[in-house]
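Reader: Could you walk me through a few features of this model and show me how to read each one?
Author: Gladly; let us look at it together.

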Amino acid sequence: MKSTIITILLALLSVGIEANTYKTIKSPVAMAHNIHGGELKAREVVFRDTATSIHFTLDYPKGQNFSISSTSFLIDEEGNRYPLRSAEGIKLNSFGESTGSKDFTLHFEPMPKKVKLFDYREADNMRAFYLMGIHDQKTKLKVPTLQEIQAKNPYNVPADWFKTDTITIKGRIEGYNAEQFGFTSMECVFEDVFEKDDATQVLDINHDGTFQKKFQISYPIWQTFHTYDSKVGFDAIPFFARPGETIDITVRKNTQGKYECYYNNGSSKDVERLLKSEHLYQNLCFPLAYFKGKFCELPAIAESTWKNMLYLFNNECRDRHYTPFEAQLALADLLTLYAESILDYGMYHQMDLMKQDLRDGIYYTEILDSVEWQELSKMDNYKPLHRIDFNNPLMLSSSSYSHLLNRVQYATPVRNLVFSTLNINDEDEGMAIEATIENEVKSMQLSYDGWRQLMGCDHNNLIAQVSTHKDFMNNFNDWRQNGWIDELTPICANRYANAYVRQKTEQYYERKMAQKELSTPLPENNVAADLIRSISAKHPGRYLMIDFWGMGCGPCRSAIQSSKSLRANIAKRDDIKLVFIAEERITGGSDAYKKYVAEWLADEEAICISSAEFSRMQELFQFNGIPHYEVITPDGRRVRDDLRIRGFYNLDHELKELIERLK
């Protein structure tokens with residue numbers, strides 16, 4: 001009798017707590033996801049008083065591993081979070097190999113019925129999956145405009161924003177043990193856009209966890225020291241510093257047991273919330289940068305990307321409680337990434353429109369779509385850039401600014417405008433333009449005209465002036481050899497509206513003209529320099545021509561493959577030795593590396609070094625991009641940049657000229 005009563009009570013209780021479903025969204029719409037090469041879709045959202053359940057489909061690239069973390073949560077328009085409770089159809093925190101498509105359901109803490117728009121996030125980091133802006137098809141999204149965001153976060157850029165001085169990044173990793181952590185150094189790939197030779201900075205971690213790095217900058221920078229070799233989950237030290245500052249950082253475990261950066265002073269302390277955010281909007285650029293459609297389809301993708309980025313940015317400001325300065329700095333980074341993505345699309349689209357074949361050491365190009373090829377040069381196709389204020393000095397602080405600058409500097413429609421105008425007639429197309437001062441000046445003016453059209457402005461904005469400064473540094477050696485440098489320098493400098501850019505051009509001229517040494521000794525007590533000296537010792541009496549390259553670098557492999565027969569003759573010489581140094585994550589090189597070396601660099605001096613070792617080479621020789629060439633004299637000195645051998649095809653002449661100059 002007693003057991004019967006208990007059974008009846010349990011039955012009544014189960015009826016009393018039965019979940020009440022008060023809203024269902026079938027085939028919900030989402031603004032964006034961050035899965036490159038795949039897609040995360042919400043098939044249905046069920047609102048109950050006991051849980052909010054989402055039925056997902058994850059299309060993930062076959063063969064790649066993925067997992068769904070138990071840290072997943074939903075976040076509504078007001079920033080309220082609803083943690084994950086349970087999952088069906090998938091094992092949480094367990095990596096598995098994707099077979100292409102996976103259906104599963106996640107159950108979260110219940111959201112109120114009034115919620116109309118929310119995000120799914122797997123975790124608070126940029127590597128985690130997310131599905132942004134989930135809503136029903138009737139809901140109209142409220143996306144703030146750029147002007148509204150700027151007005152909400154007023155900030156005046158200080159008058160001394162541009163300044164040349166050193167910064168010092170120092171601090172300590174608590175509980176550091178080199179073997180346990182897996183690394184003894186970290187790298188910051190930083191390019192000062194006002195300097196020609198500037199590259200990776202290596203931060204050494206002492207045995208007690210202390211670290212300190214000092215280097216020069218020309219404006220405030222938002223950068224990161226990182227490592228690929230961490231065994232403890234901690235792999236990055238982000239920082240923000242203004243010229244003249246010393247930033248002190250402590251790395252220690254937080255209450256969740258994860259290593260976190262704590263900023264003790266200076267500008268990094270002022271923007272600590274920003275440095276600890278994950279900038280999820282960076283991933284929103286992928287659909288734009290890697291879009292495979294035609295130019296006529298670009299405006300729609302650019303518009304949706306723009307709205308998605310502003311929506312997520314506005315939410316991030318709300319959730320992180322950014323100060324106006326943090327908001328404007330983050331917004332400048334967003335604008336930089338957006339502009340870079342548009343120009344990336346143009347660059348990748350150009351590559352997709354042509355087919356190249358290597359025959360007898362010469363590349364032959366076939367245009368696959370001549371009509372679309374013409375679209376590459378039309379300024380109107382880049383109109384989405386017009387919404388960006390390229391005069392914004394905060395953009396220079398973005399770690400992506402140097403990439404954007406490169407895309408602007410070499411933008412196809414601008415370069416085509418310059419070259420097509422300077423060509424005399426169609427019969428001369430493809431022929432080299434005779435180098436004269438008049439043509440150099442005209443090229444400079446045409447570039448400015450092109451940049452104004454490209455970016456939709458009626459003046460030479462800041463990024464156009466910095467691009468001209470970069471062109472000046474790249475052309476300096478040729479102009480000096482032709483005897484034009486004294487005439488062209490003031491012409492170039494006088495075109496700058498920004499006094500700081502003008503000063504940088506004049507200082508570069510003075511510094512380069514003051515150089516008297518044709519070669520300089522490699523530094524002592526330097527691991528990278530010691531390796532170069534050891535290679536030189538193996539080939540006494542010979543110059544070393546070092547080719548820094550990598551398996552992931554198309555131009556590197558093209559240069560190596562097209563010059564194979566030529567290098568066979570160079571190998572017979574007793575006055576120079578070719579050395580090929582590549583970065584490889586696997587000790588001794590990957591199978592792909594070994595196979596490539598066996599085919600294209602057999603019997604040559606091919607050396608692979610770790611990422612950390614390669615970073616030290618970049619710091620020593622001041623380069624970021626590859627291929628990069630260096631020349632070392634028989635007595636172990638580095639040859640000045642304007643005298644270096646630039647490739648294999650003119651080596652005999654350049655080496656002869658170098659030896660004559662060094663006598």
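**Rings, charges and a covered strand**

Author: Let us start with a charge over a ring, meaning that NZ of Lys or CZ of Arg is within 6 Å of the ring centre and within 35 degrees of the ring normal. Here Arg567 lies over the face of Phe648, at 5.8 Å from the ring centre. Lys23 is placed over the face of Phe47, at 4.3 Å from the ring centre.

Author: A word on the basis: this is a predicted model, where local features need pLDDT of at least 70 and side-chain atom pairs count only at pLDDT 80 or more, while totals for chains, interfaces and linings use all residues. Residues are numbered from 1 along each chain as its sequence is written, and side-chain values use heavy atoms, with hydrogens and water left out.

Reader: How many aromatic pairs does the structure hold?

Author: A pair of aromatic rings is described by the distance of the centres and the angle of the planes. Rings of Phe, Tyr and Trp (its six-membered ring) pair if their centres lie within 6.5 Å; planes under 30 degrees apart count as stacked, over 60 as edge-to-face and the rest as tilted. The structure holds 43 such pairs. In one of them, the centres of Tyr60 and Phe129 are 5.5 Å apart and the planes are at 65°, so the pair is edge-to-face. This pair links distant parts of the chain, 69 residues apart: Tyr60 is in the loop between β4 (52-59) and β5 (65-66), and Phe129 in the loop between β10 (118-121) and β11 (130-134).

Reader: Does Tyr60 count as buried or exposed?

Author: Buried means under 20% relative accessible area, exposed over 50%, and partly exposed in between (1.4 Å probe, protein chains only). Tyr60 has 15% relative accessibility, so Tyr60 counts as buried. Phe129, at 9%, is buried too. Then there is the tilted pair of Phe286 and Tyr290, with 6.0 Å centre to centre and 55° between the planes. Phe286 is partly exposed at 29%, and Tyr290 is partly exposed at 39%.

Reader: Which residues of β26 are buried on each side?

Author: Strands (E, at least two residues) and helices (H or I, at least four) are DSSP runs, numbered from the N terminus. In β26, His628, Glu630 and Ile632 are buried on one side, and Tyr629 and Val631 on the other.

Reader: Which strand do five bridges join to β26?

Author: Two strands pair if DSSP finds at least two bridges between them. Strand β23 (residues 543-549) runs antiparallel to β26, joined by five bridges. Phe548 stands opposite His628 in β26.
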